[in-house]
Amino acid sequence: QVQLVESGGGLVQPGGSLRLSCAASGSIFSINSMAWYRQAPGKQRESVASSFYDGSTNYAGSVRGRSTISRDNAKNTVSLQMNSLKPEDTAVYYCNAVIKERPETHFRNYWGQGTQVTVSS
């Protein structure tokens with residue numbers, strides 16, 4: 001069983017910063033990618049930032065230049081540092097990981113429970 005646990009959400013003023021963290025635990029043989037998604041009220045879930053096995057990263061245009069995703073492969077963790085936050089960044093942020101639990105299994109998609117980020121004065 002694999003679990004993803006997020007932390008670090010909260011209320012922040014416009015222009016402020018926030019760091020989200022996610023730890024994967026359980027039966028983990030290999031992790032392909034780790035990523036952050038978000039879902040605002042009434043909107044579809046969207047990708048925010050991704051970190052791939054080869055070290056490459058990808059960012060949504062709306063957060064590029066304001067956010068940094070970092071990954072610790074030894075600890076199976078991923079973090080998202082967000083700066084210059086805007087009210088439109090308000091959403092529930094979800095951690096995502098593509099994980100192989102055992103050598104003989106396929107990679108599967110896992111999600112955390114989500115953490116609320118609210119940007120408001």
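In what order do the elements of the chain run from the N terminus on?

Figure 1. Starting at the N terminus, the elements go β-β-β-β-β-β-β-β-β-β-β. The chain has eleven strands and zero helices (both are DSSP runs, numbered from the N terminus: strands are E runs of at least two residues, helices are H or I runs of at least four). The radius of gyration is 14 Å, close to the 14 Å that the globule rule gives for 121 residues, so the chain is as compact as a globular protein of that length (the radius is taken over C-alpha atoms, and the rule is 2.2 Å times the number of residues to the power 0.38). Its C-alpha trace spans about 50 × 25 × 25 Å along the principal axes.

A quick note before zooming in: this is a predicted model, where local features need pLDDT of at least 70 and side-chain atom pairs count only at pLDDT 80 or more, while totals for chains, interfaces and linings use all residues. Residues are numbered from 1 along each chain as its sequence is written, and side-chain values use heavy atoms, with hydrogens and water left out.

**Figure 2. Arg38 reaches for Glu46.** These two side chains meet in a salt bridge, 2.7 Å from N to O (that is, a side-chain nitrogen of Lys or Arg within 4 Å of a carboxyl oxygen of Asp or Glu). Arg38 is buried, at 6% relative accessible area, while Glu46 is partly exposed at 36% (buried means under 20%, exposed over 50%, and partly exposed in between, with a 1.4 Å probe and protein chains only).

**Figure 3. Arg66 and Asp89 join up.** Here's another salt bridge, with the closest N and O atoms of Arg66 and Asp89 2.9 Å apart. The pair ties together distant parts of the chain, 23 residues apart: Arg66 is in the loop between β6 (57-59) and β7 (67-72), and Asp89 is in the loop between β8 (77-82) and β9 (91-100). Both residues are buried. Now put this view beside the previous one: Arg38, Glu46, Arg66 and Asp89 are linked in a network of salt bridges.

**Figure 4. Glu104 and Arg102 pair up too.** The closest N and O atoms in this salt bridge are 3.2 Å apart. Glu104 is exposed, with a relative accessible area of 59%, and Arg102 is partly exposed at 39%. In total, the chain has five salt bridges.

Figure 5. Is Ser33 buried or exposed? Ser33 is buried, with a relative accessible area of 10%, and you'll find this residue in strand β4 (residues 30-39). Leaving aside neighbours within four places in sequence, Ser33 is in contact with Ser51, Phe52, Arg71, Asn96, Ala97 and Val98 (contact means heavy atoms within 4.5 Å). Across the chain, 57% of the contacts with a separation of 6 or more are between residues 24 or more positions apart, and 40% of the 121 residues count as buried.

Figure 6. Gly26 sits in strand β3 (residues 18-26) and counts as exposed, at 55% relative accessibility. Gly26 and Gln1 are 25 residues apart along the chain, yet their C-alpha atoms are separated by 5.5 Å.
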